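Dear colleague,

Here is the structure I said I would pass on. My notes on it follow below.

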Amino acid sequence: MAESYAVEHEASHPGLQHHFANMEQQREAGTLGMWVFLVTEIMFFGGMFLAYTLYRSKYPEAFAVASNHLDIKLGAVNTAVLILSSLTMAMAVFSTQIGRLRAQVVYLALTIVLGLVFLGIKAVEYHEKYVDHLIPGTLIPGNPFNPHLELPTGVSMRHVEMFYWIYFAMTGMHAVHMVIGIGIMSVLLYFAAKGRFSPEYHSPVEVSGLYWHFVDIVWIFLFPLLYLLGRHLGGHAG
Amino acid sequence: METFVPPVPSRINYLNAQYGLKSWLLTKDHKRIALLYLGSISVFFLIGGLYAMFIRLELLTPQADLLQSTTYNKVFTQHGIIMVFFFLIPSIPATLGNFLIPMMIGAKDLAFPRINLLSWYIYMLGGIVTIYALLAGGVDTGWTFYTPFSTTFSNSYVVATGLGIFINGFSSILTGLNFIVTIHTMRAPGMTWFRLPLFIWSHYATSLIMILGTPVIAITILLLAFERLAHIGIFDPAVGGDPILFQHLFWFYSHPAVYIMVLPGMGVISELIANFSRKNIFGYSFVAFSSLAIAVFGFLVWGHHLFVAGQSLYAGMIFSFLSFAVAIPSAIKVFNWTATLYKASISYDTPMLYALGFIGLFTIGGMTGLFVAALATDVHLSDTYFVVAHFHYIMVGGTLLAYLGGLHYWWPKISGRMYPEGWGRFAALIIFVGFHLTFMPQFILGYMGMPRRYHVYPPEFQVLHVLSTAGASILGVGLLIPLVYLIWSMRYGKIAEGNPWHLPGLEWRTQSPPPTENFEYTPIVTWEAYEFAPPEEMQVVGKFRNEVVERS
């Protein structure tokens, strides 16, 4: 029976798992698996995008007022940071594929650093909201939602609060994904430093890159939807 | 050059390859994981069944005697939660699907064996959290968790139960993901898409629903939990939210979830009907594509749960029309199964009895679905026992019967032993009779106006309720019989051959039970699905049948 195994299992690479016939099949499965997972992520965020769409169309003024109290400068800087991190991620994948393994390690480390910068800026923003009593409901015990806002007539503070709930739900869920992404990148960095990946075996880096880009893209949608409401009216839709 | 490799009887199989608790709890073998699932869903089925028993006992009399209202609310809620999320949804995919998908396509395992094991641990964690919630005090919202009752008014363990369901959802997502990738990338040489057994097609469609629907219920339950804990939210009218939004998001998953439950059952039935008729299935591609059509249409009909919830009339009309449209692919399946039986050499073994029962019960369940999908009749029937009877005909009459049929059919492959045929047929008959007696009176009760979720009712309904409870007792006994003889057969049953039914499917072309890597070598498929060889050739099959392999 020995020769019948020979035609199906290239026992050549240590990264090949026993149930795959060859590296190509393994890479294909991994990549498709990540794409399918990203589809589930789109559906997961989709529920919140639906809620956002519904209530933004129902309470446009309240949403514009609330949105204008977000820090657009920090939000814009964070957008740039994430786009840059997507570039370094893409470079990390590319370096692995062409076998420049030192560059691969550097780019992975840069990606992690940029991810941490994003989370740091996000933390500053969250803290500002905490100081301004803009954290909805009793999410933080002892610091109820109670901002000093001038509301135009007909705009309910309840609806401003709802905007902030959607804001915290969406950016919070995005931040959780960033933390997971940084965790994955750290594992990759560890194995990359040990020389695990090569042009023959680069699919873990590639597949994790897909995840990283996805998390960036979610932010690309979140930034305009949450930060830029009514800005074309001169910054004060209220 | 072609050579025929003679069969090598091997005593090493996936069950005796390794021993010890660790070899089971850390296994990456899809067959062992399937058995882990089989054991755990059976436990949850017993718990869910216990709750059902309390419901039926309470309903024997018009007054509240066994249970008080609050307890009754918890009992029917927990019956629904356990049965839907912890039995019906994982039932066929996680056990039979897990066991058979790699075998049917000629693979050594699923694409991601570690993720497969992880999904079982996630399932168990979700189950334990839910059981904790039930023991701590239970939950009384109904399995649908409608707001604002669940967010504001209920005094029961909503968040803990929700957390259990949230966690459990990820096991469903990972199973679906694994199946899709496996079916795409792991098929043996020559196993083209249109040579796949229909069981695979229906699991592919099921997996699509799992990955597209489950994340939506996950985020919905998460938002619900925050809403309850932090008094903020998008579902609570007190803060400008819309409880109907919750119903939309909930049913966007939970209606397609009905197809997660029944599509794998349809896959099992397609296998049983074709194989026990010893005939190629009538209209293979129609049956295959009708599975995908059900998955697609299934996502467009959730609004029929909101006909009386204040949804706009025009939305109601569209959802009603689309709900009728789902009947088309479902009917295609029923007609094709029936056409397959025509002039076939049918053998009435136990699995086939379940399959024939399924066709009848699914037809009744499906047809009564059209009653409630019609706007005008739904106003009368909504939230009555008619609805209860309708979905039990699909879930119990459909999914459970298919699950039992499949379990008997593949039992020789799974355990290496035959189940006792006489007892099998006897139990199938008892279950069929008990099932009808339980749920047929409920159609009439619902039509007469008996609301669901009530335990006190006018005395004129009592006769029908007594009939239903009597039927439930018969059904319960009927379900215990297979439990006993299947466990018995694992030790004392007749040793099964590799191909006891003499069938062409790939899973039958290896020994029973299969070796850890399923086949001695990767098979090369040169035949179509359900391509029956002449009987004399089937007789030649030895311990297991090896295929002619091309070697270079």
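A compact globule of 552 residues would have a radius of gyration near 24 Å, and chain B, with 23 Å, agrees with that. The radius is taken over C-alpha atoms, and the globule rule is 2.2 Å times the number of residues to the power 0.38. Along the principal axes, the C-alpha atoms of chain B fill a box of roughly 75 × 45 × 45 Å.

This is a predicted model, in which local features need pLDDT of at least 70 and side-chain atom pairs count only at pLDDT 80 or more, while totals for chains, interfaces and linings use all residues. Residues are numbered from 1 along each chain as its sequence is written, and chains are lettered from A and ligands numbered from 1 in the order in which they are written.

Chain B has 16 helices and two strands; these are DSSP runs numbered from the N terminus, helices being H or I of at least four residues and strands E of at least two. Of its 552 residues, 56% count as buried. Buried means 20 or more other C-beta atoms within 10 Å of the residue's own, exposed means 12 or fewer, and partly exposed lies in between, with C-beta atoms placed from the backbone. Among contacts in chain B with a separation of 6 or more, 85% join residues 24 or more positions apart; a contact requires C-beta atoms, placed from the backbone, within 7 Å.

On the core: the largest nonpolar core holds 212 residues, of which A:Phe163, A:Ile166, B:Ile105, B:Ile200, B:Ile269 and B:Ala355 touch the most other members. Helix 3 (residues 69-105) of chain B gives the most to this core, with 21 residues. Such a core is a set of buried Ala, Val, Leu, Ile, Met, Phe, Trp, Tyr and Cys residues joined through C-beta atoms within 7 Å. Leaving aside residues up to four places away in sequence, B:Ala355 touches B:Ile269, B:Leu272, B:Ile273, B:Phe276 and B:Gly405. A second, separate core has five residues, including B:Tyr157 and B:Val158.

On the interface: 36 residues of chain B are in contact with 35 residues of chain A. On the chain B side, helix 6 (158-185), helix 7 (198-230) and helix 8 (243-276) are the elements that give two or more residues, and helix 7 gives the most, with nine.

B:Ile444 is partly exposed because it has 16 other C-beta atoms within 10 Å. B:Phe386 is 58 residues from B:Ile444 in sequence and 7.1 Å away in space, C-alpha to C-alpha.

Regards

Terms used. Two residues are in contact if their C-beta atoms, placed from the backbone, lie within 7 Å.
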